[in-house]
Amino acid sequence: MVSLLVKKKLYINEVVLGTAFGVIFGPLCANIFDPRGWGGDVNVLTLEVMRVALAMGLFTIGVELPKAFLAQYARSLLIMVVPTMAIGWVVVAAMILLLFPQLDYVSALVIAACLTPTDPIISAAILGALMFALAGDNEEPLELIIKAESAANDGLAYPFLSLSIFLTLEPTVGVAFEKWVLIGCLYQVAFGTLIGVAIGLGFSRLMKLSHTRGFINHESYVAQYLALTLFTIGVARTLGSDDLLAAFAAGSALNWDGNFNTQIKETKGKVFSSVIDLVLNCGTFLYIGAWMPFDAFDAPELGITPWRLALLLVAVLALRRIPALLVLYKWVPEIKGWKDAVFAGHFGTCRVVLNPDISRQMGVGAVFVSTFALIELPKPHTPPQGQAEIVAAVIQPIVAFVVLGSIVIHGLSLPLFSFGERTLTLTRTWTSRTRARKGAAQPEWLLSVRR
C-alpha cells in the first residue's frame, strides 16, 4: 500500500524492510516468528532456505545478462572476482585474528571466507529500488559486470571455505591441499559449472525446438525461471557439486544466444520473475531478521563483545573490497578512475554520489556459507575444545552481526545520500536567491528563469 512512497521517495528496498520486520516479529520483540523454536536442526533449515533464495537470484542474473556477455567481458569479470576475493579474504582474516585472539589464522580464514561473497539478492534489490526511482532500466557494461561478479563470487566462496576447513580438520597440510584441489576446486567448482552449462545449453536448444514446432508457447518460458533453478540445484546438490555456481552457469548458458530473453520480453515475463524475486526476498530477509542470534552478540567467555564486533564491521566495510579495487582497477577498462573504483568497492558503479547502482553487501550469501561451515565443523562443547570447536562456536555470531550491520549501513546509504543531496541543493538554491535579492540587480521573479 505504500510501495511507491517507500521505493520512489525514500529509496528503501525490501531487504531493509524485511529484516526489520523479522526482528520485530522475531524472538527479540514480539516472539511471533521464531525459526529456532520450531524444533529439528535449525542449521539445516536455514541452509536450505538460503540455498533456494540464492539460487533463484543467481539464475535470474545469469538469464538477464546480454547475449554472450560473460565471453565478451571475461577478463574484467575475472579480475573483479578472483584477486579481489582473495585479497579481501586474507585481509579480513587478519582483522579477525587481531580482534579475536582466541582464534588462530586458519580459523580466522574460515570466518573470513563467509564474509567474502557479496550478495546478488541485495544488489538486485537496491538496483531495483534505484531504477524504479529514476524510472529507467538501462544498464551499462560495468553495472552488468558487477551484477555478474556478485553472482559468481557466491559460488566461488566454496574454494576459500573448503581450503580453510580442510586446513582446520585434516591432520596435515598436504592432505588438506590435496582434498582442496580435488574436491573444492575440480569437483565442486569446475564440475558444478559444467553441470550448469550443460543444463542451460540443453534446455535452451530443447525449448527452441519445441517453440519452432509449436509445442510450447511464450508464456511457458516464464515458468522456467523457477523450474530450471530448482532442477539445477537439485542435480548439482545430488552430485555433491557447487549448486550455486551451477545455477548461475545454467542461467547464463540458457540465454547465451539471447533467444530466451527475447521470448520473455515478448510476454513481459520479467514482471513475473520480479514478483517471484520480491516474494523470495521479503520472505528470506524476514527469516534472517528473526534468525539473528542477538543474545550471542555479547559472549565474553568466547571472546565476543559488542565493541569487537563493531570494530570488525567497520574494518570489513572499509578493507574487504576497496583496497583491492584501488590496486586492480587499471586492468578493468570499464572502471574509469580511482573514484569509480572506490564507489565500486562500496556501492557498485557510480558516476555521481546519488547514483550508486549496486551495493556490495553481505547478506544471504554470508548466512548460507557460514551455516554450511557450521554443519561441516564439529559441534562445540561447553567450553569449546580445540580450534575447530572454537570457530564453530563463534562463527555464527560474528557473521550474523556483520550481516546485520551491512544491511543497515548499505540499505540506508542511498536514502541518506539522497536526503543529503536534496538538502545541499536546497541550501545552494536558498543561498543564491538570498545573494541575488541583496544585490537588487534584477527583479526576484527573474531568479528562476533559465539562462
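A pocket is an open set of grid points, on a 1 Å grid over the protein atoms alone, with protein on both sides within 12 Å along at least five of seven lines. The views below show a predicted model.

**View A. Lining of the second largest pocket.** The second largest pocket holds about 670 Å³ of space. Its lining is made up of 26 residues. R36, L374, A392, A393 and Q396 are the lining residues that lie nearest the centre of the pocket. The most comes from α20, which gives four residues. By class, the lining has 18 nonpolar, six charged and two polar residues.

**View B. Packing of helix α5 against helix α9.** Helix α5 covers residues 74–99 and helix α9 covers residues 157–169. The two pack at an angle of about 35°, and their axes are 11 Å apart. Their crossing is right-handed. On the α5 side the contact is made by M85, A86 and W89; on the α9 side, by A157, F160, L163 and S164. Six residues of this contact are nonpolar and one is polar, with no charged residue.

View C. Leaving aside neighbours within four places in sequence, S76 is in contact with I145, V332, P333 and E334. Of the residues in contact with S76, I145 is one; the C-alpha atoms of S76 and I145 are separated by 7.6 Å, with the two residues 69 residues apart along the chain.

Conventions:
Residues numbered from 1 in each chain as written. Predicted model: local features only at pLDDT ≥ 70, side-chain atom pairs only at ≥ 80, totals over all residues. Heavy atoms only, no water. 1 Å grid on protein atoms, 1.4 Å probe; cavity = no way out; pocket = protein on both sides within 12 Å on 5 of 7 lines; lining within 4 Å. Points joined across faces, edges and corners; volume = space filled by probe spheres on them. Nonpolar A, V, L, I, M, F, W, Y, C, P; charged D, E, K, R; others polar. Axes fitted to C-alpha atoms, helices over the stretch in contact; angles between N-to-C directions. Left-handed = near helix turned anticlockwise from the far one by under 90°. Contact = heavy atoms within 4.5 Å.
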